[in-house]
Amino acid sequence: MSRLVFVLNGPNLNLLGKRQPHIYGHETLADVERDCRALAAELGLELRFHQSNREYEIIDWIHEARETAGGIVINPAAFTHTSVAILDALNTFDAPVIEIHISNVHKREEFRHHSFVSGRADGVIAGFGTQGYQLALRRVARLIDEKAK
Ligand code: CA2
């Protein structure tokens, strides 16, 4: 099982730490990437970390992951609530998928309560702030380790 993990981030997450800190905190996406890389090194994972505002780019990265990766951590952002295309792409990926949301989507507007991606995810993390990425990476590493046994 590959120890390469894709961490994928959806639209507007490039603004993390720059707007709405009361919802998403003060850390930037570059801070999140730095912390993910440090933890990945500890866990013996190789990381591809991406963000896009374009749905097709996220789908292309999932296709790339199909060929190479042992797991995906994904914060699809607003595409969570709209994208059957991302769900379809994830359904072609045969290894662990963890969905992560920085905010607790269930405490927010009704339209954020439904996720297309949760229908495929092996686990969902919401409301732990940017720490959720670390929890998701640890879970993917555990699932990869268990599959290797
Ligand atoms: O809580 C999350 O991680 C979300 O996936 C974030 C999405 C939102 O649409 C989901 O319902 C929940 C929004 C990402 C936008 O990120 C921003 C960050 C800072 C400032 C403005 C937007």
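**Stop 1: Ala 77**

Select Ala 77. At 15% relative accessibility it is classed as buried, because the cut-off for buried is under 20%. This is a predicted model, so read every value on this tour as computed from predicted coordinates. Ala 77 sits in the loop between β3 and α4. Check its backbone: phi is near 55°, a positive value in a residue other than glycine. Most residues other than glycine have a negative phi.

**Stop 2: Gln 20**

Now jump to Gln 20. Its phi is near 50°, again positive in a residue other than glycine. Gln 20 belongs to the loop between β1 and α1 (21-24). Is it buried, exposed or partly exposed? Gln 20 is partly exposed, at 42% relative accessibility.

**Stop 3: the sheet**

Switch to cartoon and show the strands. In what order do the five strands of the open sheet run? The order is β2-β1-β3-β4-β5, and the pairing is parallel. The edges are β2 (46-51) and β5 (123-126). Each edge strand has a single partner, so one side of each lacks a neighbour in the sheet. From one strand to the next, the twist averages 15°. Strands of a sheet pair through backbone hydrogen bonds.

**Stop 4: β4 and its partners**

Select residues 97-101, which form β4. Five of its five residues are buried. Both faces are covered. Val 97, Glu 99 and His 101 lie on one side, with Ile 98 and Ile 100 on the other.

Look at the β3 side. Three bridges join β3 to β4, and the two run parallel. Ile 72 stands opposite Val 97 here.

Then look at the β5 side. Four bridges join β4 to β5, also running parallel. Ile 98 is opposite Gly 123. The bridge partner of His 101 is Ala 126.

Together, β3, α4 and β4 make a right-handed β-α-β unit.

**Stop 5: Ala 126**

Stay in strand β5 and pick Ala 126. It is partly exposed, with a relative accessible area of 22%. Leaving aside neighbours within four places in sequence, Ala 126 contacts His 101, Ser 103, Asn 104 and Val 105.

**Stop 6: Val 73**

Move to strand β3 and select Val 73. Val 73 is buried, at a relative accessible area of 1%. Show what surrounds it, skipping neighbours within four places in sequence. Val 5, Phe 6, Val 7 and Leu 8 are among its contacts. So are Ile 98 and Ile 100, along with Ala 136, Leu 137 and Val 140. Val 73 and His 101 are 28 residues apart in sequence, and their C-alpha atoms are 10 Å apart.

**Stop 7: Asn 75**

Keep β3 on screen and select Asn 75. This residue is buried, with a relative accessible area of 3%. Which side chain does the side chain of Asn 75 meet in a polar contact? The partner is Tyr 133, at 3.3 Å. Beyond four places in sequence, Asn 75 also touches residues including Leu 8, Asn 9, Gly 10 and Leu 13. Ile 100, His 101 and Ile 102 are on that contact list too.

**Stop 8: helix α5**

Colour its buried residues: Gly 132, Tyr 133, Ala 136, Leu 137, Val 140, Ala 141, Leu 143 and Ile 144. An α-helix has 3.6 residues a turn, so residues three or four places apart point the same way. What covers the buried residues of α5? The cover includes β1, α2, β2, β3, β4 and β5.

**Stop 9: helices α2 and α3**

Select residues 29-43 for α2. This helix lies across β1 (4-9) and β2, at about 165° to β2. Finish with α3, residues 55-68. Helix α3 packs on the sheet and touches β1, β2 and β3 (71-75). Its direction makes about 170° with that of β1.

How values were computed:
Residues are numbered from 1 along each chain as its sequence is written. This is a predicted model: local features need pLDDT of at least 70, side-chain atom pairs count only at pLDDT 80 or more; totals for chains, interfaces and linings use all residues. Side-chain values use heavy atoms; hydrogens and water are left out. Two strands pair if DSSP finds at least two bridges between them. Axes are lines fitted to C-alpha atoms, for helices over the stretch in contact, and angles run from 0 to 180 degrees between N-to-C directions. Contact means heavy atoms within 4.5 Å. Buried means under 20% relative accessible area, exposed over 50%, partly exposed in between (1.4 Å probe, protein chains only). A crossover is right-handed if, with the strands pointing away from the viewer, the path from the first strand over the helix to the second runs clockwise. A polar contact is a pair of N or O atoms within 3.5 Å; within protein, one must be able to donate a hydrogen and the other to accept it, and residues adjacent in sequence count only if both atoms are side-chain atoms.
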